[in-house]
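Colleague: Could we go through the ligand site and the pockets of this model? Please start with the contacts.

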Amino acid sequence: MKIAVLTGGGDCPGLNAVIRAVVRRGEQHGLEVMGVREGWRGLLDPPLHERLTRESTSGILHLGGTILGTSRTNPFKKPPGGSEMVLRNLKALNVSAVVAIGGEDTLGVATKLGTMGVNIVGVPKTIDNDLSGTDLTFGFDTAVTIATEAVDRLHSTAESHKRVIVCEVMGRHAGWIATHSGMAGGADVILIPEIPYTMEAITAHIEKVRRQGRNFALVVVAEAVKDHAGQRVRQQHSGGGLTYGGIGHSLGAALARATGAETRVTVLGHVQRGSQPSWSDRLLASAFGVHAVDLIANGKFDRMVAWQNRAVVDVPLSEAILAPQQVDPGGALVRTARGLGICLGDG
Ligand code: F6P
């Protein structure tokens, strides 16, 4: 029996660990594993694929990115007849089941293909940690580690120059990276999409911090936060693609005006997605890969592997496309931040 594995959407530290685990566990179940290149793009015409073996996936556990490449291709959107092309190619390639590793878009496609008869299992991934159905996604720990290190590094230079430094981090729907790195890095202000902010609240906090004798301030802001005019700041990239990004700069300028402080802005961007996965992301990704193959071997499809209550479990694949999992403004994380005297922008 032959199974296929693919990685779709933005890359994420830990993808290679999943691929490696799928191959190793597949071998134990006597399954041949085919790697599909470039996400769903690799199942359109002409298909892009390669056989994966223990040898060809050796030495990839600690590598960032994905050896299979990735794309944001959605065969239900483009080209016309794309989903039928995928079905045809899976049949022609003699693939019995698919492991789709991705975020909401990739797993949304997987869910639809499942209803069309494809035997499919999903593996959730995103550095943003915002997928529903799972307490944790791999890549998040690595991203938070990188963002925390950045906030640490910004500390000394902010202090030396008596500056307000704004650090913009990723998080398309949620403030998980911002809250974790901001708290771990000792930020003064953390802004997240879940909590609307006012300039008055941030300015009052920075002034209070000054009165307390601290002559600098660190502000961590999630990319999807609305600016003071209520707009989310987006970037149109050359070569295609529209993402969030830029709120840091508009906020920095507004803060300079409001506080009179010298202000600098750092946008971490894709630095958060690069590099080696942390040990915990490697473990989580490996556990997800093993469980995904076990589901296939047991004939359980339309499931997504997930992490809940300290264990790998599986949930209906359709859960992945429910509303994103956001930071609870009244939850323990935010209460802790407030207990530390951190301003969340709302007073
Ligand atoms: O979903 C993960 C994510 O890293 C978001 O935080 C960010 O907005 C987006 O991907 C960036 O995507 P791209 O790879 O298209 O620049």
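Modeller: In this predicted model, the side chain of Asp128 places an N or O atom 2.9 Å from an oxygen atom of the ligand. A polar contact here is a pair of N or O atoms within 3.5 Å.

Colleague: Which distance separates His270 from an oxygen atom of the ligand?

Modeller: For a polar side-chain atom of His270 the distance is 2.7 Å. Gly171 takes part through its backbone, with an N or O atom 3.4 Å from an oxygen atom of the ligand.

Colleague: How much of the ligand's accessible area does the protein cover?

Modeller: The protein covers 85% of the 400 Å² that the ligand has on its own; the areas come from the Shrake-Rupley method with a 1.4 Å probe.

Colleague: And which residues are around the ligand?

Modeller: They are Arg72, Thr126, Ile127, Asp128, Met170, Gly171, Arg172, Glu223, Thr243, His270 and Arg273, where near means a heavy atom within 4 Å. By class, this shell has two nonpolar, four polar and five charged residues. Asp, Glu, Lys and Arg count as charged; Ala, Val, Leu, Ile, Met, Phe, Trp, Tyr, Cys and Pro as nonpolar; and the others, Gly among them, as polar.

Colleague: Where does the ligand sit?

Modeller: The ligand sits in the largest pocket, by the criterion that more than half of its atoms lie within 2 Å of the grid points. A pocket is an open set of points on a 1 Å grid over the protein atoms alone, where a 1.4 Å probe fits, with protein on both sides within 12 Å along at least five of seven lines; lining residues have an atom within 4 Å of a point.

Colleague: What is its volume, and what lines it?

Modeller: The largest pocket has a volume of about 1100 Å³, the space filled by probe spheres set on the points. Its lining has 49 residues, with Arg72, Asp105, Arg172, Leu242 and Thr243 nearest the centre. Helix H3 gives the largest share, four residues; helices are DSSP runs (H or I) of at least four residues.

Colleague: Changing topic, what about the second largest pocket?

Modeller: Its volume is about 160 Å³. H8 gives the most to its lining, six residues, and by class the lining has seven nonpolar, two polar and two charged residues.

How values were computed:
Residues numbered from 1 in each chain as written. Predicted model: local features only at pLDDT ≥ 70, side-chain atom pairs only at ≥ 80, totals over all residues. Heavy atoms only, no water. Helix = DSSP H or I, 4+ residues; strand = E, 2+ residues; numbered from the N terminus. Polar contact = N/O pair within 3.5 Å; in protein donor to acceptor, adjacent residues only side chain to side chain.
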